[in-house]
Amino acid sequence: MESKDTMVGTYNRAGEVKAFGEMKIGVKGLVDTGITQIPRIFHHPQVFLANPKPSSTVRIPIINLGGGMFESKVMRETVIAKVRVAVEKFGFFQVINHGIPVDVMEKMKDGIREFHEQDSEVKKTFYSRDITKKVKYNTNFDLYSSQAANWRDTLTTVMAPDVPKADDLPNICGEIMLEYTKRMMKLGELIFELLSEALGLKSNHLKEMDCAKSLSLLSHYYPPCPEPDRTFGISSHTDISFITILLQDHIGGLQILHDGYWIDVPPNPEALILNLGDLLQLITNDQFVSVDHRVLANRGEEPRISIASFFMHTIPNEQVYGPIKELLSEENPPKYRDTTTTEMATHYLARGLDGTSPLLHFKI
């Protein structure tokens with residue numbers, strides 16, 4: 001018997017998802033056909049866009065990293081204190097003077113836009129839904145498991161610890177991806193040092209746990225949406241990573257959930273946005289918490305580009321993670337069982353973005 005979500009009248013969701021997936025043209029391909037209504041597979045049952053509290057009254061913190069070169073111990077401790085407050089209050093913060101030049105960030109956004117705006121036949125050569133594939137393009141990682149698809153396409157590339165050869169990356173953006181990755185890995189190491197110290201641990205603690213070892217770039221393309229009130233760019237979710245560092249363009253649309261309200265994260269051409277992921281919440285035993293966020297469907301006339309740098313191990317990986325022993329006590333016993341990134345990712349992929357925390361599955 002078909003479930004209500006799968007079969008409603010003559011609407012066969014599973015069949016329509018399969019048909020769309022097999023076209024391999026992505027959301028961009030649909031837009032190029034000139035559609036004025038989005039397919040039903042993208043309709044979200046409840047799109048809560050109303051915000052009962054003006055989001056403009058709250059801003060996530062902006063932290064100046066001083067290029068990563070702190071002039072004194074006091075200056076470093078000041079930044080660490082700001083990081084601690086930001087992650088405990090918001091789970092998100094923006095960083096400026098982070099060491100990645102604006103021109104590199106602009107070239108990265110341009111390269112990703114150019115990839116997604118290539119002819120569909122070129123992009124199809126990278127199309128895959130194999131989670132172990134190091135370079136792949138598709139629409140919605142959870143297309144077949146979610147209740148509703150989101151209005152975006154993604155190029156996913158595993159960039160570390162095994163650096164891909166230029167020939168394995170798309171010609172149109174491979175060179176800038178390699179350059180961006182070198183700088184992002186350096187920034188990631190600094191952020192993990194600051195987070196370690198914010199936890200009261202030695203600066204190299206998270207790095208020695210290999211939190212900074214692996215990096216994947218999720219390079220998103222959000223075409224203009226003919227019916228933006230029916231769907232999302234990305235629906236509400238938390239990231240599975242240790243941390244995510246996001247580069248977004250000038251379009252906007254990113255929102256975080258704070259004190260029960262959705263808060264806009266306005267574009268800043270000099271800033272990168274940092275948020276904590278589920279893996280970091282697990283190993284810090286809820287001292288640091290991953291926060292729900294979403295991207296509204298694109299209402300403009302030009303595409304939105306964002307590049308999310310996910311610091312987490314590639315699949316498969318059997319390295320075991322659990323709450324950090326130095327953070328535990330009789331008053332603060334472990335809240336999560338040990339797991340691997342492979343187990344977490346498999347669970348995450350199977351459930352899709354359903355609005356609930358995947359960490360519930362790993363609670364003791």
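Two strands count as paired here if DSSP finds at least two bridges between them, where strands (E, at least two residues) and helices (H or I, at least four) are DSSP runs numbered from the N terminus. With that in hand, an open sheet of four strands has the order β8-β13-β10-β11, with antiparallel pairing. This is a predicted model, so to speak with caveats: local features need pLDDT of at least 70, side-chain atom pairs count only at pLDDT 80 or more, and totals for chains, interfaces and linings use all residues. Residues are numbered from 1 along each chain as its sequence is written, and side-chain values use heavy atoms, leaving out hydrogens and water.

**Four-stranded sheet**
- β8 (232-237) and β11 (261-264) sit at the edges, each pairing on one side only.
- Antiparallel β8 and β13 (residues 293-296) share three bridges, and I234 stands opposite V295 in β13.

**Eight-stranded sheet**
- The other open sheet runs β3-β4-β12-β9-β14-β7-β6-β5, with mixed pairing.
- Its edge strands are β3 (62-64) and β5 (135-138).
- β9 (residues 243-248) and β12 (residues 272-276) run antiparallel, joined by four bridges; L246 has I273 as its bridge partner in β12.

**T181 in helix α6**
- T181 belongs to α6 (residues 174-198).
- T181 is buried at 6% relative accessible area (buried means under 20%, exposed over 50%, partly exposed in between; 1.4 Å probe, protein chains only).
- Leaving aside residues up to four places away in sequence, T181 touches M159, L215 and L217 (contact means heavy atoms within 4.5 Å).
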